[in-house]
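Thank you all for coming; I would like to walk you slowly through one structure, beginning with the picture itself.

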Amino acid sequence: MPISELQPGDAVLVTDGPFAQFTGPVRAIDRERHRIELVVQIFGDDTRIDVPLDTVEKVPNA
């Protein structure tokens, strides 16, 4: 996914890796490392995770 398509606050779905199928809002985008930080619910708690940009897709109409 092109970095330019994502903005902080956009909802994304993690598609690969240990956090696959988690969704949450983007908190930060690291353009140099091609990674994003998002917040997901794990066991009912908000948890910040950092994942590669190529493992997420924007959730449509979110």
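What you see is a predicted model, in which local features need pLDDT of at least 70 and side-chain atom pairs count only at pLDDT 80 or more, while totals for chains, interfaces and linings use all residues. Residues are numbered from 1 along each chain as its sequence is written, and side-chain values use heavy atoms, with hydrogens and water left out.

With that term in hand, Phe22 counts as partly exposed because its relative accessibility is 25%, and Phe19, at 25%, also counts as partly exposed. The structure holds 1 aromatic pair, and it is formed by the rings of Phe19 and Phe22, whose centres are 6.0 Å apart and whose planes stand at 75°, so the pair is edge-to-face. Here rings of Phe, Tyr and Trp (its six-membered ring) pair if their centres lie within 6.5 Å, and planes under 30 degrees apart count as stacked, over 60 as edge-to-face and the rest as tilted.

As for confidence, pLDDT is the predictor's confidence in each residue, from 0 to 100; the mean for the protein is 91, and 92% of its residues reach 70 or more.

Strands (E, at least two residues) and helices (H or I, at least four) are DSSP runs, numbered from the N terminus.

β3 and β4 run antiparallel and are joined by 8 bridges, given that two strands pair if DSSP finds at least two bridges between them. Glu37 has Asp50 in β4 as its bridge partner, and in the hairpin of these strands, with 2 residues between them, Phe43 takes a positive phi near 55°.

Finally, which residue does the side chain of Asp10 reach through a backbone nitrogen? That residue is Gln7, at 2.8 Å. Asp10 lies in the segment before β1, and with a relative accessible area of 16% Asp10 is buried.

Technical notes. Buried means under 20% relative accessible area, exposed over 50%, partly exposed in between (1.4 Å probe, protein chains only). A polar contact is a pair of N or O atoms within 3.5 Å; within protein, one must be able to donate a hydrogen and the other to accept it, and residues adjacent in sequence count only if both atoms are side-chain atoms.
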